[in-house]
Amino acid sequence: MADKRLKTRLRDLEHAQDYASWHEIAEELDRLEGLDAWRADDASDDYDYLLIKERLAEMRALRSAGEVRHLAFSLHEGLHGNIGNIANPALHGVARCGTKHLIEQYVNEVARCIDYISAGDFPDFPPAEKVLFFKRTGSVFGRSALMLSGGASLGMFHLGVVKALFENGLLPRVLSGSSAGSIIASMVCVRTDEQLPDIFARDGIHLDAFQRVSLRGVLRGGSVMEGDALQSCLQRNIGDATFEQAFESTRRMLGITVSPAEPNQHGRLLNYLTAPHVMINSATLASCAIPGVFPSVMLQARDFDGDVVPYMPSKRWVDGTLSADLPMLRLARLHNVNHYIVSQTNPHVVPFLRDRQRDDHGLLPWVRELAATSGRNALRVTRKHFAAGNAVLAQAYGVVRQRYSGDVTVFPKHSPRQLIRMLANPTADEIDAYIREGERATWPKLARIATQTRISRSLEDATARLKTHSPARGSRTRALRAVTGGSGRSR
């Protein structure tokens, strides 16, 4: 009877219509399979559970006693994302609805302490000291980013990923996109939270980008697709905001990768810090310019008077996936990102992805890794000795040497029909199907994402609450002494 119930609920899980239903079924399956007992058992060789129990007890005691200075000191000293190895993937792929209760209790208590310090009114811990504490603690802990890959019309899958994260309060403020991913990331980052649900509606976006040119045009050396149609599509969906204007309006940090169309240039990550006045629609157009499919692009920007002018007019840019489908190092440097949620739809990547939360055994993982490494090395040697400066080989090498997964990676199961139609306009029904597929693929990851981003989200919320309180210049030395526990003197 139990086996029959298990099979029935597994089928129900596959057909759940929303996350609440999915989660309810998943919880029952965890009980039926005994995984709730695994979650309740603190002990495991996969993390230092004794350290976590000790830290949890200390934080609870300090918060209950109102020892705010001691609590801030303890948090500043020991707060980092993988304390005791709690981010170990082996701990996040066992149960469907979460990890060890001890880890979740620890993370929730840290968040509760952060809220307690930021919202409380403490005469001996004034706003100036709070601001410095959260600025330094946030810098140490880091933040999360959502990265959307290329994949032509397959990138509509990203909409479902964004929808699942947004509806559950887990959408990061930092987003990056390349090629098709840049379209979705841009659409998200030019809209406020109130406006964002519109893009998930059937008529919420305009996708008439993939207009084919005539065969005669191709034979004359033209691109396979018409660039004007894509440009019009981006204008209708994104508007004419610059990176800086979008950031000021929504506070979302958008990054778009573009690749050089000629040798001796490097790919760039365009955002409100590196290219504040560049038009987002022109950056997206360049990031989608697949060589041989769309023509290369000259970027556009606004000048001091607000007029649209060429940006680096002698340079042309193409598909961002060629140089940096997932610009992790650049996001880390610019935005203090150290946790990456990746939505990956590239057809040359997805077949080789696996769920890293599950252990792989046997010969297949070894063969997969050996083939990938051999391919990269062969292409590197060929490029070095036989075609130095060749743009095609440089672009090919740029593709194979990249990392295509993150700390949490969401990816679809491409059907033959999707692959055949990836350079065609998706119908309304196909868009709905992509969104639903993206949601379903994201639901099993939400518990892990919620746990691993809870502290960084709490730190961001606390910083936002305190932003109106500016510490006086004379308070900085006292604040430094309080946070570090030292004299505050330079050494």
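Reply: Tyr-19, Trp-22 and Trp-443 come together as one aromatic cluster in this predicted model. Counted by ring centres within 6.5 Å, the aromatic pairs number 6. One of them joins Tyr-116 and Phe-122: the ring centres lie 5.2 Å apart and the planes meet at 65°, so the arrangement is edge-to-face. The two partners can also be described by their accessibility. Tyr-116 has a relative accessible area of 24% and is therefore partly exposed, whereas Phe-122, at 14% relative accessibility, counts as buried.

A stacked arrangement is found for Phe-247 and Tyr-272, with 3.9 Å from centre to centre and 10° between the planes. This pair links distant parts of the chain, its members being 25 residues apart. Phe-247 belongs to helix α12 (residues 243–250), while Tyr-272 lies in the loop between β4 (268–270) and α13 (280–287). Because its relative accessibility is 8%, under the 20% cut-off, Phe-247 counts as buried.

Burial is also a feature of strand β1 (residues 143–148), where 6 of 6 residues are buried. Arg-143, Ala-145 and Met-147 point one way from β1, and Ser-144, Leu-146 and Leu-148 point the other way. Strand β1 runs parallel to β8 (residues 337–343), joined by 6 bridges, and Met-147 has Val-342 as its bridge partner in β8. Strand β2 (residues 174–177) also runs parallel to β1, through 4 bridges, with Ser-176 of β2 opposite Met-147. Between β1 and β2 the chain passes through helix α8 (residues 157–167), and this β-α-β crossover is right-handed.

Terms used:
Residues are numbered from 1 along each chain as its sequence is written. This is a predicted model: local features need pLDDT of at least 70, side-chain atom pairs count only at pLDDT 80 or more; totals for chains, interfaces and linings use all residues. Side-chain values use heavy atoms; hydrogens and water are left out. Rings of Phe, Tyr and Trp (its six-membered ring) pair if their centres lie within 6.5 Å; planes under 30 degrees apart count as stacked, over 60 as edge-to-face and the rest as tilted. Buried means under 20% relative accessible area, exposed over 50%, partly exposed in between (1.4 Å probe, protein chains only). Helices (H or I, at least four residues) and strands (E, at least two) are DSSP runs, numbered from the N terminus. Two strands pair if DSSP finds at least two bridges between them. A crossover is right-handed if, with the strands pointing away from the viewer, the path from the first strand over the helix to the second runs clockwise.
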